[in-house]
Every structure is written in C-alpha cells, then in structure tokens.
Amino acid sequence: MAPGAPARLRGVSGDPDLSFVVHELHRTLLADEVERAVAAGVSGLRLGGSVARGTARPTSDLDLWLYWPGAQPFEAQERGGLLVERHGHTLNRAWQEVEEGTGLTLLGWAESRVLHDPGGDLARIQAEARHLLAAYRTPEAERRRLRHWLTSTLGKLEGAGSDQATFLTRTTLWTLAEALCAVNDHPPPAVTRMWEVLPELPQQPEGDWLGRLLSGPDEVRALRELAGWTLARL
C-alpha cells in the first residue's frame, strides 16, 4: 500500500474506509484487526482514543472495543511496535454503561468511531451517548468537592515556603483542570486527553494561563489567580 493511501477493509461489506486514520501503520493494523474480528464472529467493533480522534502520534496505542455474544477478557498485544488493546464486551453491557451515564463513558462513546456494526446497535448506543453528553451537567457533589479542594489549597499556600508552595501548585494542577471542566459542564476526560480539552473549553481565563502554570517562576501566582477565577464560577 502506498503511503497515505486509505486502508479499506477487504471483504468487510458496508464498512467505511480508514482514511481518517493519520498514520499508515495504524491504518494497516486497524484494517487487519477488523478483518480478524469479523471473521471470528464479532457483533460490533469501535475504535477509541487518539487514533479515532485524529490526534494520534505514530507510536500511539490502538484502543479497540469488540462486542461479542458473550463477555471476553481484556487483551493487550504488541504488533509492529505498537500496543493494541482489545476490550471485550457485550452489547447489553454497552447499553448499561451508557445508561449509567458517567461522564467519562459518555465522552468515550461520543468521540469513538464505529467500524463494524451490521445490526446498527453501536450506532444507536452512540447516538444515545451523544444525546446524554449534550445534556450533561456537573453534579453538585462534584462541584462541592472541587470547591473544597481549591479553597483548601489556597489556604495552605498562605505562608508556605517557596518549595512547599511549588509542590502544592504542581500537585493541584489536575484538580484545577477538573474544576475548569466542571465550570463548562464538560466531563473530565482521561489524563492523556485533558491536554487537548483544556484549550477547547468555551469558558476559561484570558491569556496564556496554561503556559504560566507549566513554566517559569510565575506558576504559584498563576495557580492562585486561576483558582480564584474558577471558584467564582463553580
């Protein structure tokens, strides 16, 4: 296959090509994984993670969710220098997960790509997940937790020495990121996805607040300012 050419699913009727996949090795492996799964009788298959979103690096994992008549164990295998993760589920379990409505689950479904779905079940589940995600609101209990943590951190920063203040700042970054998501009623994503989500949030402080937090001698003051901005909106 020529570099950049779309990898099509040979012999898998009705399935789309994989031209959305950025890197050729991912396309080649993905086409083979789908073909193998279909030959083994899989009921449905979807792709998640950075490869599905089009933000993958050449070394990114392949995250596959395979739906079988019965539950299957999780598998991880290195292929061509890449890690392939296969999450085995049933369609009933997929419906249950979406109906339970945890934000991270809904986000994962909304951002994934359905690659094999002969009965249309995955498309219906994904549509429901996207509907629930559009109506998602950060639970009040979660807002209280985040307010408590940020308020407590600001109190601890008062009178803290330089090293302690830096430590408190850096160990609070994830909670601050979660709080910024909460302000926007956006479910906190997985750790590797948060870096992509933060700049996309509609409500966020002006200026290069992320750069100030992550580099330079201004990080402690930047945290104080961002925590104050966030608390006023939580």
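**Reading burial and salt bridges**

Me: What is the relative accessible area of arginine 145?

Reply: Arginine 145 has 34%, so it is partly exposed. The scale runs from buried (under 20% relative accessible area) through partly exposed to exposed (over 50%), with a 1.4 Å probe and protein chains only. This is a predicted model: local features need pLDDT of at least 70, side-chain atom pairs count only at pLDDT 80 or more, and totals for chains, interfaces and linings use all residues. Residues are numbered from 1 along each chain as its sequence is written, and side-chain values use heavy atoms, leaving out hydrogens and water.

Me: Which residue forms a salt bridge with arginine 145?

Reply: A salt bridge puts a side-chain nitrogen of Lys or Arg within 4 Å of a carboxyl oxygen of Asp or Glu. For arginine 145, the partner is glutamate 142, and their closest N and O atoms are 2.7 Å apart. Glutamate 142 is partly exposed too, at 24%. Both residues sit in helix H6 (residues 140-157), three residues apart, which is about one turn of the helix. Helices (H or I, at least four residues) and strands (E, at least two) are DSSP runs, numbered from the N terminus.

Me: Which residues do salt bridges with shared partners join into one network?

Reply: Asp32, Glu33, Arg36, Glu75, Arg79 and Arg86. Look at one pair from it. Glutamate 33 bridges to arginine 79, with 2.7 Å between the closest N and O atoms. Glutamate 33 belongs to helix H1 (residues 24-39) and arginine 79 to strand S3 (residues 75-79), so this pair ties together parts 46 residues apart in sequence. Glutamate 33 and arginine 79 are both buried.

Me: How many salt bridges does the structure hold?

Reply: The count is 20. Another of them links arginine 147 to glutamate 140, again with closest N and O atoms 2.7 Å apart. Arginine 147 counts as partly exposed because its relative accessibility is 24%. Glutamate 140 has a relative accessible area of 41%, so it is partly exposed as well.

Me: Now take arginine 193. Is it buried or exposed?

Reply: Buried, because its relative accessibility is 11%. Arginine 193 is found in helix H9.

Me: Which residues does arginine 193 contact, leaving aside its neighbours within four places in sequence?

Reply: Contact means heavy atoms within 4.5 Å. On that basis arginine 193 touches Arg53, Glu111 and Glu200. The C-alpha atoms of arginine 193 and glycine 49 are separated by 8.4 Å, although the two residues are 144 apart along the chain.
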